Amino acid sequence: MDTPGTISCDDELRHWPADEDQARAVQDRLRPCVRLDESGPEPGFEGTVVGVDVAYDDARDVVAAAAVALDARTRAVVDEATAVGQVSFPYVPGLLAFREIPTVLDALARLTRTPDLVVCDGYGLAHPRRFGLASHLGVLTGLPTIGVAKNPFTFRYEPPGPDRGATSPLLDGAEEVGRALRTQKGVKPVFVSVGHRIDLDRACAHTLHLAADYRLPETTRAADSLCRRALASA
């Protein structure tokens, strides 16, 4: 894909890091490729939004990834794909992308359509090195990406108001790295951060639209269910 901020996926995968020092060096090298100067697709756009997620079988060192494409307006599932691979990197907080991305890329490649937006179950800029899964995946694919996480990681926030759509800054010191977003009245917020080629306002708007009935966006719910089924049958 010849899109802004893209580098060679093939080259990166051929030189995939084997240890923590190499992985952090990759994050430092690729972080300047993150594009923060684009607004991203408008909420309600005509196109496809894809959710990605993974499930692990630690006993076999196997990871299953799912990519589920939804109509961006209706949230109807229009395509889905899975991939199963071997875990190629140890579990290290802050470096989880290196366990997930090869198999996620495989699942994305099996879709019959190119995503207009990708929603990751994890973090983008809300990451100690400002280069979480959503940012890493965005740089490798050139696609607009956002991270929607279930917890605030190491960052602090004040609880947003109780109503659906309320937000509060997710902070690292004085820096806003994302937002706590309440997707359902009286339910715990999710934590939204920019990945690549989209701004935070639109990232939150897309998340809220995709979480019409539940705390988590439908993209994440569908991808979570599918990758678990793929792992069970692997």
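1. Lysine 150 is classed as partly exposed because its relative accessibility is 38%; the class lies between buried, under 20% relative accessible area, and exposed, over 50% (1.4 Å probe, protein chains only). The model is a predicted one, in which local features need pLDDT of at least 70 and side-chain atom pairs count only at pLDDT 80 or more, while totals for chains, interfaces and linings use all residues. Residues are numbered from 1 along each chain as its sequence is written, and side-chain values use heavy atoms, with hydrogens and water left out.

2. Lysine 150 takes part in a salt bridge with aspartate 121, in which the closest N and O atoms are 2.9 Å apart. A salt bridge here requires a side-chain nitrogen of Lys or Arg within 4 Å of a carboxyl oxygen of Asp or Glu. This pair links distant parts of the chain, 29 residues apart: aspartate 121 is in the loop between β4 (117–120) and α4 (133–141), and lysine 150 is in the loop between β5 (145–149) and β6 (167–172). Helices (H or I, at least four residues) and strands (E, at least two) are DSSP runs, numbered from the N terminus.

3. A salt bridge also joins the side chains of arginine 130 and aspartate 172, at 2.7 Å from N to O. Arginine 130 belongs to the loop between β4 and α4 and aspartate 172 to strand β6, so that distant parts of the chain, 42 residues apart, are linked. The two partners may be set side by side: arginine 130 counts as buried at 16% relative accessibility, whereas aspartate 172 is partly exposed at 33%.

4. The side chains of glutamate 42 and arginine 202 form a salt bridge at 3.9 Å, N to O. Because glutamate 42 lies in the loop between α2 and β1 and arginine 202 in helix α5 (residues 200–210), the pair ties together parts that are 160 residues apart in sequence. Arginine 202 has a relative accessibility of 21% and therefore counts as partly exposed.

5. Proline 43 is placed in the loop between α2 (20–30) and β1 (48–57). Its relative accessibility of 43% makes proline 43 partly exposed. Neighbours within four places in sequence aside, proline 43 is in contact (heavy atoms within 4.5 Å) with Arg202, Ala205 and His206. The C-alpha atoms of proline 43 and arginine 202 are separated by 6.8 Å, although the two residues are 159 residues apart along the chain.

6. The salt-bridge count comes to 19. A network of salt bridges links Arg35, Asp37, Glu38 and Arg197.
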